Amino acid sequence: MRILFLFSLLLICGCAKEVEPTPKELVDGSIQAHGGWENYENLEVVEIRKIVKLFDENGYLESQDRQYHTFSKKPRYKTRIHGIWDGAVREISFNGNEIFTTINDSIVTDSINHKKALKTIQSAEFVFFQPFKLKVSEAAMEYTGKKVLFDSVPVSEMKVTYPNSEDVWWFYFDDGNRCVANRVLHNGRYSLIENLEFQDYKGLSIHKHRKSYFVDSLLNKERLRAEYFYDVVE
């Protein structure tokens, strides 16, 4: 009778549904894996040299741009990007209130370019400070289950949607809680961005090397679109 009871208990436990993590648990766990919230809050400034390579549909290099990103958090907030992209020498800076931008050393004042510049700044911060930006985001987050990326990497998937945006994001966390990939649905097309390598800076684990692919809805790679390299400027 005792053996039957133990067998039944094991059967029940084996059939018990795995407890699903909440989005908050995923984000908090990933923040800890990337250095912790305290190190992020204590970061004063970091300057990054970023190289962006774009590839055409045949896999040939289409363009290569070099940019410098400076993220200042203390004593005052300011983000500055300068370099060459979209065929011009550009500079953008934002102090939380005002946006300043130049193209080929000419000051730009029209509102359309200012909105575009602000979006560039926000996108740069959103990408570089993953997963920390998720903690203070107004986005709707949903745990969407376990996946296997590239037939070999088990991950937890989280869907993220932002107010006033038609884009849909998915974040992928490995067994060590690192954010190892993102997927985005933009203008009806899926892109998958692999976070291939990280670097340590002031206790934080930040981007070093990423690749972006066009993929189908099942995450099958169609072609390489972009490659990104980030190096801290000491």
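Reader: How do β2 and strand β3 pair, and over how many bridges?
Author: In this predicted model, β2 and strand β3 (residues 78-85) pair in the antiparallel sense over 7 bridges, where strands are DSSP runs of E with at least two residues, numbered from the N terminus, and two strands pair if DSSP finds at least two bridges between them. His69 stands opposite Ile81 in β3, and the two strands form a hairpin with 5 residues between them.

Reader: Before I go on, what are the ground rules for numbering and confidence?
Author: Residues are numbered from 1 along each chain as its sequence is written, and side-chain values use heavy atoms, with hydrogens and water left out. Because the model is predicted, local features need pLDDT of at least 70 and side-chain atom pairs count only at pLDDT 80 or more, while totals for chains, interfaces and linings use all residues.

Reader: And what joins strand β1 to strand β2?
Author: Strand β1 (residues 45-55) runs antiparallel to strand β2 (residues 61-72), and 11 bridges join them; Leu54 stands opposite Ser63 in β2. Their hairpin has 5 residues between the strands, and in it Gly59 takes a positive phi near 90°.

Reader: Switching to strand β10, why is it called largely enclosed?
Author: Strand β10 (residues 179-186) is largely enclosed by the rest of the structure because 6 of its 8 residues are buried, buried being under 20% relative accessible area, as against over 50% for exposed and partly exposed in between, with a 1.4 Å probe and protein chains only.

Reader: Which strands does β10 pair with, then?
Author: Strand β9 (residues 168-173) is joined to β10 by 6 bridges and runs antiparallel to it, with Phe171 opposite Asn182 in β10. β10 is also joined to β11 by 6 bridges, again antiparallel, and the bridge partner of Arg183 in β11 is Leu192. The hairpin of β10 and β11 has 2 residues between the strands, and Asn187 takes a positive phi near 55° there.

Reader: Is Ser191 buried or exposed, and what does it touch?
Author: Ser191, which is found in strand β11 (residues 189-201), is buried with a relative accessible area of 13%. Not counting residues up to four places away in sequence, Ser191 touches several residues, including Asn182, Arg183, Tyr213 and Phe214, where contact means heavy atoms within 4.5 Å.

Reader: New topic: which residues touch the most other members in the largest nonpolar core?
Author: They are Val46, Phe128 and Phe171, in a core of 40 residues, a nonpolar core being a set of buried Ala, Val, Leu, Ile, Met, Phe, Trp, Tyr and Cys residues joined through side-chain atoms within 4.5 Å. The largest share of this core, 6 residues, comes from helix α4 (residues 111-128), helices being DSSP runs of H or I with at least four residues.

Reader: What about the aromatics, and why is the pair of Tyr40 and Phe132 stacked?
Author: There are 13 aromatic pairs, counted when rings of Phe, Tyr and Trp (its six-membered ring) have centres within 6.5 Å, with planes under 30 degrees apart stacked, over 60 edge-to-face and the rest tilted. The rings of Tyr40 and Phe132 have centres 4.7 Å apart and planes at 5°, so the pair is stacked. Tyr40 lies in helix α3 and Phe132 in helix α5, so the pair ties together parts that are 92 residues apart in sequence.

Reader: Where does Arg189 lie?
Author: Arg189 lies over the face of Phe214, at 3.8 Å from the ring centre; the criterion is NZ of Lys or CZ of Arg within 6 Å of the ring centre and within 35 degrees of the ring normal.
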